[in-house]
Every structure is written in C-alpha cells, then in structure tokens.
Amino acid sequence: MPTKPKLIASQSDLPTASPQRPMTHKPVVPAELPQAQKPYEALDRMAHATLAKATSGLSPSVLAEAWMDWATHLASSPGKRLELMEQSVRIGQELWAASLGFSKPEAAPDHRFASERWEKYPFNVLSLAHQQSWQWWQDAMTGVHGVTPAHEDLMSFVAGMISDTTAPSNFALTNPDVIAATLAEKGENLVRGAKNLAEDVLAKTGTAQLAGAQPFEVGRNMATTPGKVVFRNNLIELIQYAPTTGTVRPEPILIVPAWIMKYYILDLSAQNSLVGFLVAQGYTVFMVSWKNPDASDRDLGMEDYRQHGVIDAIGAALAITKAPKLHAVGYCLGGTLLSIAAAAMGRDNDTRLASATFLAAQVDFTEAGPLRLFINDSEVTLIEDMMAEKGYLSSDQMAGAFALLRARDLIWAPAIRDYLLGKRGDAFDLMAWNADATRMPARMHSEYLRKLFLNNDLAEGRYHVGDKAIAVSDIRAPIFAVGTEDDHVAPWHSVYKLHLFADTDMTFVLTSGGHNAGIVSEPGHAGRHFRIADKPANASYRDPDEWMAETEAKDGSWWPAFTTWLDARSGTPVPPPKMGSDNGKYAALCDAPGTYVMQR
C-alpha cells in the first residue's frame, strides 16, 4: 500500500448607525490586474470586456484551441473517421427500421423521456435518435489519438451541451407531453408560459419585481435561528446564536461559509438548519455573514478575506466566550479559505484551533470538476478584463456558469415546465437561497482563479501568507472533512485529496447528495446515507476508490456523527456565555440575521 507523498514547501451601502472596525491591511493592486499605462493596452482591455459580455464571460480562444487540437488529430486519424462513419451508418439503419416498424426502439433510461407518451410512435423514434446522436458526438470527441486530455474533456462537454439543446423534449411540436397539455387546455398552457417568460425576463433585467409576498424570505422563514450580530467590519458581520441548552461545550464553533452565496444555506428552514442542530447539541455557534461587495470593494483580496474574515472572527468568538480554542468549520470556498488560515496559524504556532472541519472544500484544484475545463490563462484574463469595468463579477455571471454545468436540470427542465407546460415549480427553501446570489470583488476573484484554480499554489507550496509560504501540512488541529457523492462543484475525489497534504488525524465522510443537498442533510431526511472512516496521522494512504470500497455505507444523516466527533474533542459542558460583550467592539449590534445578508 503506498505511503502518503510529502509536500515540498518553504512555506451596497453599509449601516451607519453601528460602529465599524477599520481595516489595517491596505490592499495593493496585484501584478495580474495592473493599471493600464498605455492607451493601446486600455483599448485592448475594453475590447476584451466587450467580447466577454457577448460570450457570457467565456473566452473564444479556449474553445478554439481545444477544437483545433481535436480537428487536427481527427483529420490525421483515418481509422477513427472510418469508425465514426460505420457507427453513423449503423445508427441510420436502426432508426430507419424503427421508423418502419421493423424493430421496437429501445432508448436508454432518461428522465427527459420518462412519460408513457414517449413510448409511442413517432416520439419513441425521436428520443432514440437524439440519444444515439448524443452518443455519436461523444464518441467523435473522445478517443481521438493524440488529443490533449483537457481538450478532449472540453470538446466532449461542449458537444454534449449543444446536443442537449436539440433534444425533442425542448420543443412544443416534438414533446408529446406538451402536445397533450396544449390539446387538453386548448392552448392555455402556452399562454401561461408566455406570461411566465415575460415575468422572468422583466425580473432578470431588473425592470420589474415579482409581485406579492414570496413564499420564502430571509428573517421570516429562512435564517431564523435566534442570535445577535456581535461584531461588524467592512467585510463581515459575526452572528452569535442564542443557546437552547442549560450548558454548552466550552469550545465554540465558528462557521466560515463561502461568499459566492449567502451564509444561510447552513440556516435554511427550522427543520433543516445545521446551525440550529449544532446549537441544540450544546454548542455556542458563531457564523460569518459576508458583505455583498460593490465597486468600492474592487481591491479586496484573499488576504483581506483571511485576515478580516476568518482571523477577526476567531478573535471575536474567543474573546466573547473566553475560551482558549474553538472548532472552525469551512464550507466550499470558505473551507479553502479556512485551510489557508489554519495552515498559516500552524506555521506561526497559533494553537487556537481545537479542530478544523472542511465541508465540500478543496485544497487541490487539479481535478476540480467541470469548471476546470474552462480555466486557463486566456479565460482568467478575459474575466479580469470583464471585472475591471465594474470592479466585481456579477451574481448573474456566477449563476450562469454553474447552470451550464447541469444544463439539463437547471436550464432545459425549468424552461419546459415554465414556458411550454405553463407551470411554476413548487418553491422550496434551497431554491430560494440559490437565487440569492452575491458578487465577487475583482482582486479577490482574480487571485482565487490564478493562485488556486490555475496555478494550484496552495497544494504545491507556493501560496504566501505574509512574506512566507504556507503548506496544508502545517495544520496541526484534527480534521473532519466531508465530500458529497454527486458534487459537480467540488467532486469528492478532489475533496479527498486533502489526505495527500494533511499531516494530522483526519476523519473523512462521504455523504449522498450534491454540493448543497449533501451538506444540508438533516436527521430524518429520507433516503440519505453516508460513509465515515478515521485516518490517524501515521496511517498509510488509501486511494478514494479503495476507501469507498472498504468503508460501509450507513443510513441516515452525517450530522450526528459530526457532533459525536466534536464531543470527543471538546471539554466538559459549562454555563453558556453572554451574547456578545456588555460594551466595546463585541457588544451586540442587532438581531440575527443581520444587515449584510439583506444586501442585494
């Protein structure tokens, strides 16, 4: 069994009624975002920004380079071309036989063609033709001798995405469910669909708002766990939640969520709030609520987020509770930031972490899922030029990128339901949270894409905090890491790579669900399961597939296993601390959920 390789390393309006702590770190314009000193360079950046708007932020050169690689090698591969020709002839014969009734079309299971109407002619032939065409294009894009694997993956993804746009389910005249609804309702479904489309266009462009009370609202039926904002600076509000038990563990829990979305993914409704669950288990919980940045925050960088987000929050939580240590929890990008902060603390002999928990968080970005397909220097440069105009990456641009990763479920299925069938999907808390997106400061997002996604500096020992490099192996606190089986943002194999870099005791959990639903997995949620295994610091490495095969699945939520793990690393319960301090910079400012989460 192989041993773990060693890492080589030398390493928006603000409230005015309440006081704010000024930042001492002065942002410096980074090398990758220089101020244009020549008019020609400024002209180029303007042209790139204009191009980015037309392509939704995707660099044409990324696709052109991949296509050229594929086309050149396909042109010099006569065997592959003959194979594709043979396959296309065979597909044509099968479809012709099915059309004439000589054979029964048998399409592969596909939720788009699940109703019984798709089993009747001609719709059964249409669905089969689409599936076989989709597979033909996948075969055409892959297995071409000599094509760079990254280009092959990108061409396969793009071909699949384009093929999905032509699916017969997407068109009223070739979707039997839409035809049946139109006949039964005498076209009323299409009238409602046109109305839904007009409403969505107006809401998307900001020229109109959805009328009436919305089914889910922050502070009314989402993010309702009682608490107080006990600290605020120009980047975060820190929420302390009120205890519900007579005693609490002396070590508080600090949660650092991603700033791509609002924090209340972890405090959704009363029945599925991770915050509420942890409070009920006898923990004092603190939550970082990030400001939604605007143009004035363009120069905020990763160091600002570490220092004025994580480190300031740690200091506040420990000062309020008077505890020497706390349990830190980071989710998604917040987990990556926590790993940076924890590594710097370990390097500097800062022992204030009792444990570090990483939920669907990556420290190595070489296998970072479908998003990795589009990230190269050209794409990052285009995004930087696009952000330079406004000073941030807009929420629409972020949401669009994630929707493309699952276009069948996040683009086409809602379009068919809303605009062809004239129905609206039932609202639920996770969907409402998903629509409440945030912006990304230009400098921070540039540093994140270049240093982490593009150059993989954190995993390779080149990421600096202060004037020294850090390494994940410097983290001294025990680690609890969670990956989710169906994660398209942080694939669990990528999350699992933390085993390669950490030199401390680690417990790894693999849970059912995706990037969000797998983490929001409250006890009692039907159909959930998880695997869990401990790895001492001196144990040998197991690859992820071996780990999965040898680790038995358990039914239920992983949350109770998490609190059991925390309990074993916490002290004897004590009386709950006060909500903030009586006065000074940690005095309670307002009720949870605070003001930053309300910013649009």
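How many salt bridges does the count come to? The count comes to 33 salt bridges, a salt bridge being a side-chain nitrogen of Lys or Arg within 4 Å of a carboxyl oxygen of Asp or Glu. The model is predicted, so that local features need pLDDT of at least 70 and side-chain atom pairs count only at pLDDT 80 or more, while totals for chains, interfaces and linings use all residues. Residues are numbered from 1 along each chain as its sequence is written, and side-chain values use heavy atoms, with hydrogens and water left out.

Among the salt bridges is that between the side chains of Asp 177 and Arg 117, at 3.0 Å from N to O. Asp 177 belongs to helix H6 and Arg 117 to the loop between H3 and helix H4 (123-141), so this pair ties together parts that are 60 residues apart in sequence. Helices (H or I, at least four residues) and strands (E, at least two) are DSSP runs, numbered from the N terminus. Arg 117 is partly exposed, its relative accessible area being 41%; buried denotes under 20% relative accessible area, exposed over 50%, and partly exposed the range in between (1.4 Å probe, protein chains only).

A further salt bridge joins Glu 485 and Arg 531 through their side chains, at 3.5 Å from N to O. This pair links distant parts of the chain, 46 residues apart: Glu 485 is in the loop between strand E11 (479-484) and helix H16 (492-496), and Arg 531 is in strand E13 (residues 529-535). Glu 485 is partly exposed at 24% relative accessibility, whereas Arg 531 is buried at 16%. Elsewhere, salt bridges that share partners join Glu 199, Asp 200, Arg 417, Asp 418 and Arg 424 into one network. Within it, the closest N and O atoms of Arg 424 and Asp 418 are 3.3 Å apart. Arg 424 is partly exposed, with a relative accessible area of 36%, but Asp 418 is buried at 7% relative accessibility.

Helix packing was also examined. The axes of helix H6 (residues 176-185) and helix H7 (residues 188-205) come within 7 Å and cross at roughly 110°, the axes being lines fitted to C-alpha atoms, for helices over the stretch in contact, with angles from 0 to 180 degrees between N-to-C directions. H6 is therefore roughly perpendicular to H7, a description that applies to angles of 65 to 115 degrees. Val 178, Ala 181, Thr 182 and Glu 185 in H6 meet Glu 188, Asn 189, Leu 190 and Arg 192 in H7 (contact: heavy atoms within 4.5 Å).

Definitions and conventions:
Parallel < 35°, antiparallel > 145°, perpendicular 65-115°, else oblique.
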